[in-house]
Amino acid sequence: MLDVRGRPRRIVATIRERHRAVHELLAQGRSLRGISRDLDLDYYSVRQYARTVNVDELLVKVTQRWTLLDDYKPYIYQRFLQGCRNASQLHREVREQGFPGDRSVVNSYVRLLKQGTITTPPSPPLPKPRRALRWIMTRPEHLRPEKAVGLKEVREACPELNATIEHVRGFGSLMHERRGEDLEGWIDQVRTHDLPALQQFAGGLLRDRDAVVAGLSSTWSSGQVNRVKLLKDAGYGRAKLDLLRTRILLRS
């Protein structure tokens, strides 16, 4: 794995070595805090290494971080294939398209292309997390065509995210259609996929199952509850149950 200048990335070797050392000490029966002291590492970093069996999962998070140039690499690559090898010219062109970085970043990428270090076209830029989240949380029928295409590409690229989206939308249906009785069926579906965060959420729902089912089945919304709180607060401490009931009925 190389950096933008075509050199081996130090962080990759560091992560591999730390992951190996942590798991060797775990096999010897050492505690996480003991390993943290021995390796002079933060406890939570040690815990992350310990919980990750495959070191490649950690490397993906580090080596596939979004950079300012990612959105413009497909354009630069295409122009390079067309014969434009001048980094300054390419920098001017992407600046006109909105690239905020300086020329050195483009220079480094063009240098890798000239050296043959990069031989395959760059992947299309991934949407920023917040944008993808908005796509996921929007009802499919309300998504604009271009956003629906973007979400489709994201789902095809990541099976785990695709499964998560299905479960999130399924839970949304339970809420909107007030189908609290289907909660356990939804939880059973979540358990069929290896999605730790979502399974933890589902487990938390089961711990207070009756209240959750009632909340998913009731016609009362959080907005209505907030309205009642507002009326109570407006009473300045004088809104006992009989007065509060009268105020609610009069406002209805």
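## Close-up views of a predicted all-in-one-chain model

**View 1. Arg 178 sits in the loop between H10 and H11.** The model is predicted. Arg 178 is not a glycine, yet its phi is positive, at about 55°. Is its side chain region buried, exposed or partly exposed? Arg 178 counts as partly exposed, because its relative accessibility is 41% and that category runs between 20% and 50%.

**View 2. Helices make up the secondary structure of the whole chain, with 15 helices and 0 strands.** The protein chain has 252 residues, and 27% of them count as buried. Its accessible surface comes to about 17,600 Å². Carbon and sulfur atoms hold 52% of that surface. Among contacts with a separation of 6 or more, 51% are between residues 24 or more positions apart.

**View 3. Phe 171, Trp 186 and Phe 201 form one aromatic cluster.** How many aromatic pairs does the whole structure hold? A search finds 5. One of them is edge-to-face: Tyr 72 and Phe 99, 5.4 Å centre to centre, with 70° between the planes. Tyr 72 lies in the loop between helix H4 (55-63) and helix H5 (73-81), and Phe 99 in the loop between helix H6 (87-96) and helix H7 (103-115). The pair therefore ties together parts that are 27 residues apart in sequence. Tyr 72 and Phe 99 are both buried.

Phe 171 belongs to helix H10 (residues 159-176) and Trp 186 to helix H11 (residues 183-190), so the pair links parts 15 residues apart in sequence. Both Phe 171 and Trp 186 are buried.

View 4. Which residues of H5 are buried? They are Ile 76, Tyr 77, Arg 79 and Phe 80. Seen down the axis of H5, the buried residues fall within an arc of 165°, so they line one face of the helix. After H5 comes Gly 83, with a positive phi near 110°.

View 5. Phe 80 is one of the buried residues of H5.

**View 6. Ser 36 is found in helix H2 (residues 32-39).** Ser 36 counts as buried because its relative accessibility is 13%, against a limit of under 20%. What does Ser 36 touch, leaving aside its neighbours within four places in sequence? It is in contact with Leu 41, Asp 42, Tyr 43 and Val 46.

**View 7. Asp 40 lies in the loop between H2 and helix H3 (43-51).** Its phi is positive, near 55°, in a residue other than glycine. Is Asp 40 buried or exposed? Asp 40 counts as exposed, because its relative accessibility is 68% and the limit is over 50%.

**View 8. Ser 108 lies in helix H7.** Ser 108 is buried, with a relative accessible area of 4%. The C-alpha atoms of Ser 108 and Ala 87 are 8.8 Å apart. Along the chain, these two residues are separated by 21 residues.

**View 9. Cys 84 and Cys 158 have their own levels of accessibility.** Cys 84 is buried, with a relative accessible area of 12%. Cys 158 counts as partly exposed, at 26% relative accessibility. How many disulfides does the model contain? The count is 0, where a disulfide would need two cysteine sulfur atoms within 2.5 Å.

Technical notes: Residues are numbered from 1 along each chain as its sequence is written. This is a predicted model: local features need pLDDT of at least 70, side-chain atom pairs count only at pLDDT 80 or more; totals for chains, interfaces and linings use all residues. Side-chain values use heavy atoms; hydrogens and water are left out. Helices (H or I, at least four residues) and strands (E, at least two) are DSSP runs, numbered from the N terminus. Buried means under 20% relative accessible area, exposed over 50%, partly exposed in between (1.4 Å probe, protein chains only). Contact means heavy atoms within 4.5 Å. Accessible areas come from the Shrake-Rupley method with a 1.4 Å probe; for residues, only the protein chains shown count as cover. Rings of Phe, Tyr and Trp (its six-membered ring) pair if their centres lie within 6.5 Å; planes under 30 degrees apart count as stacked, over 60 as edge-to-face and the rest as tilted. The arc is that of the directions from the helix axis to the C-beta atoms.
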